[in-house]
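Me: I have a structure open and have not looked at it before. Can you walk me through some of it?

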Amino acid sequence: MAGIYIHIPFCKQACFYCNFHFSTSLKDRDRMVADLLKEIGWRTQKEKEPLCGMTLPEKSQIETVYFGGGTPSILAAEEIDSLLRSIYKHYNVSQDAEITLEANPDDISEDKLKMWRSTGINRLSIGIQSFFDRDLKWMNRGHDSKQAERSLLMARDAGFHNFSADLIFGIPGLSDQDWEFNMKKLIDLKVPHISSYALTVEPKTALKRMIELKKKENVNDAGQARQFKMLMHTMRKAGYEHYEISNFALPGFRSKHNSSYWQQKPYLGIGPSAHSFDGNHRYWNMANNPLYMKAMEDETPIFQMETLTETMRLNEYIMTSLRTVEGMDFDYVTKKFSPEFNFTIREKLNKLSANWFSERKDKVVLSEEGILFTDKISAELFF
């Protein structure tokens, strides 16, 4: 069982806290979709491995398909339909497969929702970010607060009962009261899945430069930690399962696709900058649109690859498992690696604060306090 991630490298607007944005002409978009279709076919042909890296046998079982990006919601229904038809042609897609499309609120309309459903899309991930216009303007988003709320109501009315909404906390100027309002809005709307992230300042972004020039206020780490604690408490009280650090779901609405990453299941990445994973290797496509399209035209390699050593695979398991509610499993480490590693891990755990984790049936699960230090704890346990 595997998942497919299709990276749509088009953005309608440049969010200055992100260093990814590509604007393409309709001609380039048509060519890109043609190349995505071509790559989907390559991924089933063993002889194409030198060009695309990871392949899966034709008619391999696929349990999730995820359209991300970028702004995949700008694609026409015909383009989404052609991509899905190609996937169904080359792979054995499960009858209950989760097929997700990331969508901006300002791209959502009744007609588009109907078209998306007709193509087979059965889950949406909607980039709400905030219900305050000042925050949306600060982040250079293309929608306003009214569109944000309306998009969620329209999605449900159109028959999308499985959908997710994103919120960002730690935005300069976002008070705790406003953050409480944002969370309560999603809870009152009975959104089945919520993903929430702290605003981060990435290198080489417009936001980073603005902060350095004192044109924008920097993020406040203490404020972000406080609002994250509020998030955990509020979601739990409302009946949401905190199943991964940044993800909360009502019963039965976990994201199958994202869960496959944390469970280290294999997945194929299609398109510029997309990543693939087969259990022992990581592959990533070139990120530059023109270079990707040129390589596809010339039929030259589009990817780079990294072979994972046992230590790298173990460290990755430690990092991903500690992010989840299930935690790190000592039995898994024994079966997949060696029982000797468990002895060392326990020694390292003994040096950490006992308030950061608990052991349940041979599993290490982080506490609410420990979740705030996930990266530090993972680094301390690395080999």
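Me: Start with Gln264. Where is Gln264 found?

Reply: Gln264 sits in the loop between helix H10 (256-262) and strand E9 (267-270). Helices (H or I, at least four residues) and strands (E, at least two) are DSSP runs, numbered from the N terminus. This is a predicted model, where local features need pLDDT of at least 70 and side-chain atom pairs count only at pLDDT 80 or more, while totals for chains, interfaces and linings use all residues. Residues are numbered from 1 along each chain as its sequence is written, and side-chain values use heavy atoms, with hydrogens and water left out.

Me: Is Gln264 buried or exposed?

Reply: Gln264 counts as buried because its relative accessibility is 18%. Buried means under 20% relative accessible area, exposed means over 50%, and partly exposed is in between (1.4 Å probe, protein chains only).

Me: And what is phi of Gln264 near?

Reply: Phi of Gln264 is near 60 degrees, which is a positive value in a residue other than glycine. Asp362 also is not a glycine and has a positive phi, of about 65 degrees.

Me: Where does Asp362 lie, then?

Reply: Asp362 is in the loop between strand E14 (357-359) and strand E15 (363-366). With 35% relative accessibility, Asp362 counts as partly exposed.

Me: Which residues does a cis peptide bond join?

Reply: Gly69 and Gly70 are joined by a cis peptide bond, with omega about 25 degrees. Gly70 lies in the loop between strand E2 (61-69) and H3.

Me: On to H3. At what angle do the axes of H3 and H4 cross?

Reply: The axes of helix H3 (residues 77-90) and helix H4 (residues 110-119) cross at roughly 15 degrees and come within 9 Å. That makes H3 roughly parallel to H4. Axes are lines fitted to C-alpha atoms, for helices over the stretch in contact, and angles run from 0 to 180 degrees between N-to-C directions. Angles under 35 degrees count as roughly parallel, over 145 as roughly antiparallel, 65 to 115 as roughly perpendicular and the rest as oblique.

Me: Is the crossing of H3 and H4 left-handed or right-handed?

Reply: H3 passes H4 in a right-handed crossing. A crossing is left-handed if the near helix is turned anticlockwise from the far one by less than a right angle, and right-handed if clockwise.

Me: Which residues make that contact?

Reply: On the H3 side they are Ala77, Ile80, Asp81 and Leu84, and on the H4 side Met115, Trp116 and Thr119. Contact means heavy atoms within 4.5 Å. By class, this contact of H3 with H4 has five nonpolar, one polar and one charged residues. Ala, Val, Leu, Ile, Met, Phe, Trp, Tyr, Cys and Pro count as nonpolar, Asp, Glu, Lys and Arg as charged, and the others, Gly among them, as polar.

Me: What about H1 and H3, how do their axes cross?

Reply: The axes of helix H1 (residues 26-42) and H3 cross at roughly 10 degrees and come within 9 Å. H1 and H3 are therefore roughly parallel to each other. Residues of H1 including Val33, Leu36 and Leu37 meet residues of H3, among them Leu83, Ser86 and Ile87. The contact of H1 with H3 has six nonpolar, four polar and three charged residues.

Me: At what angle do H1 and H11 pack?

Reply: H1 and helix H11 (residues 289-298) pack at about 55 degrees, with their axes 10 Å apart. H1 and H11 are therefore oblique to each other. Their crossing is left-handed. Among the residues that meet are Arg31, Asp35 and Glu39 in H1 and Lys294 and Glu297 in H11. The contact of H1 with H11 divides into six nonpolar, one polar and seven charged residues.

Me: New topic, H6. Which residues of H6 are buried?

Reply: The buried residues of H6 are Ser145, Ala148, Ser151, Leu152, Met154 and Ala155. They pack against H4, strand E4 (123-129), helix H5 (133-138), strand E5 (163-169) and helix H7 (176-188).

Me: What does Ser145 touch?

Reply: Not counting residues up to four places away in sequence, Ser145 touches Phe131, Phe132, Asp133 and Leu136. Ser145 has a relative accessible area of 17%.
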